[in-house]
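Biologist: I would like to learn how to read a model of several chains, one feature at a time. Where do we begin?

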Amino acid sequence: MASLIKKDTLWRHITVLVPYLWLLVFFLLPFGIILKISLAEPVLAQPPFSPTFDETGALSVNTDNFAFLFRDKLYALTYLKSVLMAAAATICCLLLGFPIAYGIARSDPRTRSLLLLLIVLPFWISFLLRVYAWMGLLGNYGVINNFLMWLGITAQPIQILYTDFAIFLGLAYSYLPFMILPLYATLERMDLDLVDAAMDLGASRTTAFWDITWPLARAGVIAGCMLVFIPAMGEYVIPYLLGGPDALLIGRVLFDEFYVNRDWPLASAVAIMLLVLLVVPIVVLQRNQARDEEQAI
Amino acid sequence: MSSSRNPCFIRIRGVSKLFGDFVAIDDVSLDIAQGELFSILGGSGCGKTTLLRILAGFEQPTRGRVEIDGVDVTDIPAYDRPVNMMFQSYAIFPHMSVEKNISYGLRKDKVGSAEIAQRVDEVIELVQLGDFRKRDPDQLSGGQRQRVALARALIKRPKVLLLDEPLAALDKKLREHTQFELMNIQHELGITFVVVTHDQEEAMTLSTRIAVMNKGRLLQVGEPREIYEYPETRFVADFIGTINTFEGRVSSVDEQHIQVNCETAGGDLMAFNEHELKSGDKVCIAVRPEKIFISRDPPENSEDIRIRGTVDDLGYLGNLSLYRVRLESGKVILVSQQNRQRSAKRSIEWEEQIWVSWRPRSSIVLVN
Amino acid sequence: MRKQSRFILSVLAFGYAFLYLPLLSVIFYSFNDSRLATVWGGFSTRWYGELFRNEQILDATFLSFRIAATSATLATIFGTMAGLMLVRFGRFRGRTLFSGMITAPLVMPEVITGLSLLLLFVTFQQWFGWPGQRGFSTITIAHTTFSMAYVAVIVRSRLSQMDQSLEEAAMDLGCRPARVVFDITLPLIVPAMVSGWLLAFTLSLDDLVIASFVSGPGSNTLPMYIFSKVKLGVTPDVNALASLFILIVTVTLFTAWFLTNRRARKV
């Protein structure tokens, strides 16, 4: 009897310990290391950073990397540009995604499942290849320019690819499903009688939307915006493939510092700063999800 | 209250509603008088809710017109109709307090804030929600939510109040209590109530008149007593209360009576000839369980219909006793008897040979 | 049903066109005979043929599939354990830290995850001499770490919808808690585990940034190979590869959709 109970608790411990240890080692520990290296000095060595404890055993902390990030205008501009780009893409996704999610949630069940499938489908196709598809559309002799020239709107191809506008399009395109799905989830759950009730009490269709639908979709709006904004901030592939050589967004700068300049401590500092920038939206998202789950119960 | 009540306050003329190929409502015409508490009764999917939604303005009829108080409202959208609705789900706005919910309709009509405050007070008084006006809807019980929904619909002083299964979400005790409250409020305000329900008991107690619907068609309209005692179709007879039926053919006709030969009754059953039937017509004789007497000895009145049977099963319900009686033909019928005398011993036992009998007047003749 | 307004219908049409136009144009150009990817040179399927003769692509695909299958399997095991402990084990010490760690990878930018894991592996190499070479094992570990978060979310939501009285009934009938997990809980969450596995597999196959960080020289996954080619512009053989991807995904998803729809209608 006692041994059986012991076996049960043993199982419990294994179930807890295995994923726990895995995450401690491969998720939490790396952040410690990144923090540590961001406080080191770059040296010409393998690996290219100074040890945390110098020869005398004293702790060596070097905040120059962070100071540099604040001093150098380039980095400030990069951060600002990343925020603006991500925000623009988020707003575009919201404007486009809300009516789409609304339309799907209000269609009849069979069409609805097909429409949802078509929203999810691109998600299963390689992200890289979807971004790549835009290269073919936007290029100087791509589909869009060929079409415009065929229409006679322009004689010379318009430069679209390798501009900031292309990055914006790429971001909006890639992250649109992330906006639609949480919005759909809240709109679908909403009691349609509420809108009918508002109209019954004298609200027009538009008034009923702003009085009822919009406030009740808040959780979905927040979740959708965060799910677009957060990854768009750190995006690397889209600015690289669709943006020009000077399209400096944080993700790309981080990558370049690391591989091109081999400045590991600075790259780590850039990563830490990105994380600091994202703490607010991440916390907003998690709070929102927790509240939403509570309400669902 | 006005003495001259308009008998055609709501006038529904030839209304049909199709969803694709599906006929939700099939050519319904109906008049509802001012100040009535009118029920539309039917099973799920019978079209009763669709009819209510057409009255509210949420659905456009495919054919037909709807008039309210002399005005053709068929093309008027929901938000401009002098009609308000209480939803089955109550549809309380979850992000507004009780007070905000109730005043919503007046705010949309741009009523002045002093008048809003006064009317909110009135209606909160009427439904006795005084202590809850600042609460959020998720802090309310089912009965309180029902009151908020009612208050919110009443505050606009609609000409017609539509109620979609108003009591379905409440438990039994509360339902009975609320039923009478609804009737009182209706009586006090004199507003025309149109109630949709699947619960025949609720319809019987609440309503001045009942319309029974099935498969999109209107089967019968009448006062509760008419619907119960004089059902016109087999469906209505079955749907309202319990009933025993005997299929048969008319064997003979005289001035007043008909004899119907029913195999399952083991002979002829007598009934009044209300439908001008001829010999050989296929009919169905129906009898309510409480109209049947049960006795050990053969009943004396020779006019009565008398059949021998065995008690298969019996149940004591306090005020009533229910018997399942197997007739000699093998058919089982239901009989209910009031327990008039206080007595510890049952007079009739299981497996006992008994007689069942009823007056010819109690036989309902249903023509298919 | 309720009628949709014209505005909604037109946004729907525009939205779906926006989502699918790029994909359709890739498929169209994959049949272009011309080497210049943007000039139409007649219909041809030759780029598909070349795909299967390109050994670099085949090697990269093979490596990607090995990594995806391994990491998806590990992620499903760990993610299921994580989901179980979050929903069924109640409070335990360090629960808050754990639930933070399991959800954080969902929102963590890839560049940060990639960089931090690379630095971890470099440090480990200094300390223990492992991993001697970065490649299959390091990419698999990285992918397992972020995929298990997705699996945990799916399993967790399935578990919290599940009627706990099923498990209580099993215990009432004399089943020990550990047996309950295997007899009742796991069989019931198999669908969630399967979709978790598929999601993890796809995420792994899809990942470029993290793999680029943690892989060493000589180990190219398929996205890394594609990226190195498309950096320079549109190429016809990538068009063909993309079209194949689209075809496989579309056929798989529509088959799954059709099957579940048919089953749903039968019920």
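Modeller: Begin with the secondary structure of a single chain. This is a predicted model, and its chain A has 13 helices and zero strands. Read along the sequence, the pattern of chain A is α-α-α-α-α-α-α-α-α-α-α-α-α.

Biologist: How does the radius of gyration of chain A stand against the globule rule?

Modeller: The general idea is to set the computed radius beside the value the rule gives for that number of residues. For the 297 residues of chain A the rule gives 19 Å, and the radius of gyration is 25 Å, well over that value, so chain A is more spread out than a compact globule. Along the principal axes, its C-alpha atoms fill a box of roughly 80 × 80 × 35 Å. Of the residues of chain A, 47% count as buried. Among the contacts of chain A with a separation of 6 or more, 68% are between residues 24 or more positions apart.

Biologist: How many helices and strands does chain B have?

Modeller: Chain B has eight helices and 20 strands. The box filled by its C-alpha atoms is roughly 75 × 50 × 45 Å along the principal axes. Chain B has 368 residues, of which 36% count as buried. Residues 24 or more positions apart make up 63% of the contacts in chain B with a separation of 6 or more.

Biologist: Next, the sheets. In what order do the six strands of the open sheet in chain B stand?

Modeller: Strands of a sheet pair through backbone hydrogen bonds, either parallel or antiparallel. In chain B the order across the open sheet is S6-S7-S8-S3-S9-S10, and the pairing is mixed. S6 and strand S10 (217-222) of chain B are at the edges with a single partner strand each, so one side of each has no neighbour in the sheet. From one strand to the next, the twist averages 20°.

Biologist: Which helix packs on this sheet, touching S6 and S7 of chain B?

Modeller: Helix H4 (residues 142-154) of chain B does, and its direction makes about 175° with that of S6(B).

Biologist: In which sense, parallel or antiparallel, do S6(B) and S7(B) pair?

Modeller: S6(B) and strand S7 (residues 160-164) of chain B pair in the parallel sense, over four bridges. B:Asn84 has B:Leu161 in S7(B) as its bridge partner. S7(B) also pairs in the parallel sense with strand S8 (residues 192-197) of chain B, over five bridges. There, B:Val160 has B:Thr192 in S8(B) as its bridge partner.

Biologist: Which way do the residues of S6(B) point?

Modeller: In a regular strand the side chains alternate between the two faces of the sheet. In strand S6 (residues 83-86) of chain B, B:Val83 and B:Met85 point one way, and B:Asn84 and B:Met86 point the other way. All four are buried.

Biologist: Now the interfaces. Which chains have the most contacts between them?

Modeller: Of the two pairs of chains that touch, chains A and C have the most contacts. That contact takes 72 residues from chain A and 68 residues from chain C. On the side of chain C, helix H1 (6-30) is one of the contributing elements, and H1(C) gives the most, with 14 residues. By class, this side of chain C has 53 nonpolar, 11 polar and four charged residues.

Biologist: At what angle do H5(A) and H1(C) pack?

Modeller: A helix pair is read from the angle and the distance between the axes. Helix H5 (residues 127-138) of chain A and H1(C) pack at about 70°, with axes 8 Å apart. Angles of 65 to 115 degrees count as roughly perpendicular, so H5(A) is roughly perpendicular to H1(C). A:Arg130, A:Ala133, A:Trp134, A:Gly136 and A:Leu137 in H5(A) meet C:Pro22, C:Leu23, C:Ser25, C:Val26 and C:Tyr29 in H1(C). This contact has seven nonpolar residues, two polar and one charged.

Biologist: How many residues of chain A and chain B are in contact?

Modeller: Here 15 residues of chain A are in contact with 17 residues of chain B. Helix H8 (192-200) and helix H9 (205-216) of chain A each give two or more residues to this side, and H8(A) gives the most, with six residues. The side of chain A that touches chain B divides into eight nonpolar, three polar and four charged residues.

Biologist: And what separates chain B and chain C?

Modeller: No contact joins chain B and chain C, and their closest C-alpha atoms lie 8 Å apart.

Terms used
Residues are numbered from 1 along each chain as its sequence is written. Chains are lettered from A and ligands numbered from 1 in the order in which they are written. Two residues are in contact if their C-beta atoms, placed from the backbone, lie within 7 Å. Ala, Val, Leu, Ile, Met, Phe, Trp, Tyr, Cys and Pro count as nonpolar, Asp, Glu, Lys and Arg as charged, and the others, Gly among them, as polar. A residue is buried if 20 or more other C-beta atoms lie within 10 Å of its own, exposed if 12 or fewer, and partly exposed in between; C-beta atoms are placed from the backbone. Axes are lines fitted to C-alpha atoms, for helices over the stretch in contact, and angles run from 0 to 180 degrees between N-to-C directions. Angles under 35 degrees count as roughly parallel, over 145 as roughly antiparallel, 65 to 115 as roughly perpendicular and the rest as oblique. The radius of gyration is taken over C-alpha atoms; the globule rule is 2.2 Å times the number of residues to the power 0.38. Two strands pair if DSSP finds at least two bridges between them.
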